[in-house]
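Thanks for coming. Please have a look at it first.

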Amino acid sequence: LVGTVPEKLTAFDSLKLYLSDNKLKALREAFCSKTSWMGGELATNKCDAIMCPPGTYNEYGRQANDETPCEPCPFTYTAEFYGSIECIPSNTGDYSEREILRLFFEATGGNQWSDKSNWLKDGVSVCQWNGITCAYEEGGAGDTVTRIQLPSNKLRGTVPPAIYQLPNLKTVDVSNNDVGFEFRGIEMARVLDALYLDRTRVSSLDGIGKASRLTTLHVQNNDFKGAPIPSELYDLGNLESLYLSDSNFGGTLSANIKKLDDLQEFYCHGNSLTGTLPPELGTL
């Protein structure tokens with residue numbers, strides 16, 4: 001559905017109107033006063049009870065109760081329409097590497113970092129910014145960013161998906177920082193092979209299966225709230241080093257671990273796994 005929800009619906013005094021996950025760009029203000037709509041939810045949650053406004057989202061596309069508010073999209077993500085059930089990466093395709101790193105700095109509270117040496121300084125190459133490593137790209141644009149390494153540097157907020165558009169990014173290390181991390185859009189990071197996310201605020205690995213070049217993934221000391229190890233993790237056929245310890249994983253260890261036939265290191269202690277170790281471990 002596109003366009004605007006017709007105002008004539010205000011003729012109904014008691015209505016349940018489910019319109020999430022469409023392409024609607026307007027919602028009549030007159031609806032917000034219909035306190036008997038949505039089973040009375042409009043009385044407390046206003047128009048959010050019908051659809052989350054642009055720039056926000058949740059799994060229902062609306063505030064279904066007090067425990068499901070419409071959440072703002074992460075930095076550099078967007079939700080264009082009313083009733084969004086997910087956010088998508090903003091278009092940063094025309095940004096330079098310097099501009100992408102500026103977005104990263106702003107999204108992770110750069111002014112409060114322990115060490116922000118040279119960041120955003122005029123006339124100073126990004127290759128001289130603390131935590132940034134570059135390499136020379138033959139036939140390309142010269143020096144290009146290959147690593148972001150800022151462990152234990154008092155980062156906060158959410159690492160923006162804009163970093164996936166750094167064309168030669170191979171390593172990201174933001175371990176031991178109070179940051180969230182989104183994997184949506186990670187397929188744009190075509191040469192990314194190492195992620196170090198220990199002791200962060202990572203609580204979901206949704207989307208990790210698209211990081212097909214990863215050889216190293218460290219997500220220890222996080223809280224995955226008893227969820228099983230996600231099945232898409234076993235699609236990362238190039239993994240050599242997988243660290244999942246002390247992260248509140250539950251369920252059983254899947255026989256699909258046999259798909260990780262390049263695996264050399266696997267740490268998973270301090271979790272709540274149950275059942276029996278699959279014999280497929282012996283095929284690795």
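Start with Ser 84, which is buried, because its relative accessible area of 11% is under the 20% cut-off. A word of caution before going on: this is a predicted model.

Where does Ser 84 lie? It sits in the loop between strand E5, residues 77-78, and strand E6, residues 88-89. The side chain of Ser 84 has a polar atom 3.0 Å from the backbone oxygen of Phe 81. Which residues does Ser 84 contact, once neighbours within four places in sequence are left aside? They are Cys 52, Thr 56, Tyr 57, Asn 58, Gly 61 and Ala 79.

Ser 84 is also part of a pocket lining. The second largest pocket is lined by Asp 21, Asn 22, Lys 23, Thr 78, Ala 79, Glu 80, Phe 81, Ser 84, Ile 85, Glu 86 and Ile 88. The volume of the second largest pocket is about 200 Å³. By class, its lining has four nonpolar, three polar and four charged residues.

Now to Cys 52, one of the contacts of Ser 84. Cys 52 is buried, with a relative accessible area of 0%. Its partner in a disulfide is Cys 70, and the two sulfur atoms are 2.1 Å apart. The link between Cys 52 and Cys 70 is left-handed, with -85° about the S-S bond. Cys 52 is in the loop between helix H1 (42-45) and strand E3 (56-57), and Cys 70 is in the loop between E3 and strand E4 (71-72), so the bond ties together parts that are 18 residues apart in sequence. Cys 70, at 13% relative accessibility, counts as buried.

How many disulfides are there? The count comes to four. If the bonded cysteines are numbered in sequence order, the pairing reads 1-2, 3-4, 5-6, 7-8.

Another of these disulfides joins Cys 73 to Cys 87, at 2.0 Å from S to S. The torsion about the S-S bond of Cys 73 and Cys 87 is about -80°, so this disulfide is left-handed. Cys 73 is in the loop between E4 and E5 and Cys 87 in the loop between E5 and E6, so the pair links distant parts of the chain, 14 residues apart. Cys 73 and Cys 87 are both buried.

Then there is the disulfide of Cys 127 and Cys 134, with the sulfur atoms 2.2 Å apart. Its torsion is about -95°, so the link of Cys 127 and Cys 134 is left-handed too. Are these two cysteines buried or partly exposed? Cys 127 is partly exposed at 24% relative accessibility, and Cys 134 is partly exposed at 22%. Both values fall between the 20% and 50% cut-offs, which is why they take that label. One further cysteine to mention is Cys 268, which counts as buried at 16% relative accessibility.

Back to the loop between E4 and E5, where Pro 74 is found. Pro 74 counts as buried, at 12% relative accessibility. Beyond its neighbours within four places in sequence, Pro 74 is in contact with Cys 87, Thr 158 and Glu 182. From Pro 74 to His 218 it is 144 residues along the sequence and 22 Å in space, C-alpha to C-alpha.

What is the volume of the largest pocket? It holds about 470 Å³ of space. The lining divides into five nonpolar, five polar and five charged residues.

Last, the protein as a whole. Its secondary structure comes to two helices and 15 strands. The C-alpha trace spans about 65 × 60 × 35 Å along the principal axes. There are 284 residues, of which 44% count as buried. Of the contacts between residues at least 6 apart in sequence, 41% join residues at least 24 apart.

That is what I have. I am happy to go back to any residue.

Terms used:
Residues are numbered from 1 along each chain as its sequence is written. This is a predicted model: local features need pLDDT of at least 70, side-chain atom pairs count only at pLDDT 80 or more; totals for chains, interfaces and linings use all residues. Side-chain values use heavy atoms; hydrogens and water are left out. On a 1 Å grid over the protein atoms alone, a cavity is a set of points where a 1.4 Å probe fits but cannot get out, and a pocket is an open set with protein on both sides within 12 Å along at least five of seven lines; lining residues have an atom within 4 Å of a point. Grid points are joined across faces, edges and corners, and a volume is the space filled by probe spheres set on the points. Ala, Val, Leu, Ile, Met, Phe, Trp, Tyr, Cys and Pro count as nonpolar, Asp, Glu, Lys and Arg as charged, and the others, Gly among them, as polar. Helices (H or I, at least four residues) and strands (E, at least two) are DSSP runs, numbered from the N terminus. Buried means under 20% relative accessible area, exposed over 50%, partly exposed in between (1.4 Å probe, protein chains only). A polar contact is a pair of N or O atoms within 3.5 Å; within protein, one must be able to donate a hydrogen and the other to accept it, and residues adjacent in sequence count only if both atoms are side-chain atoms. Contact means heavy atoms within 4.5 Å. A disulfide is a pair of cysteine sulfur atoms within 2.5 Å.
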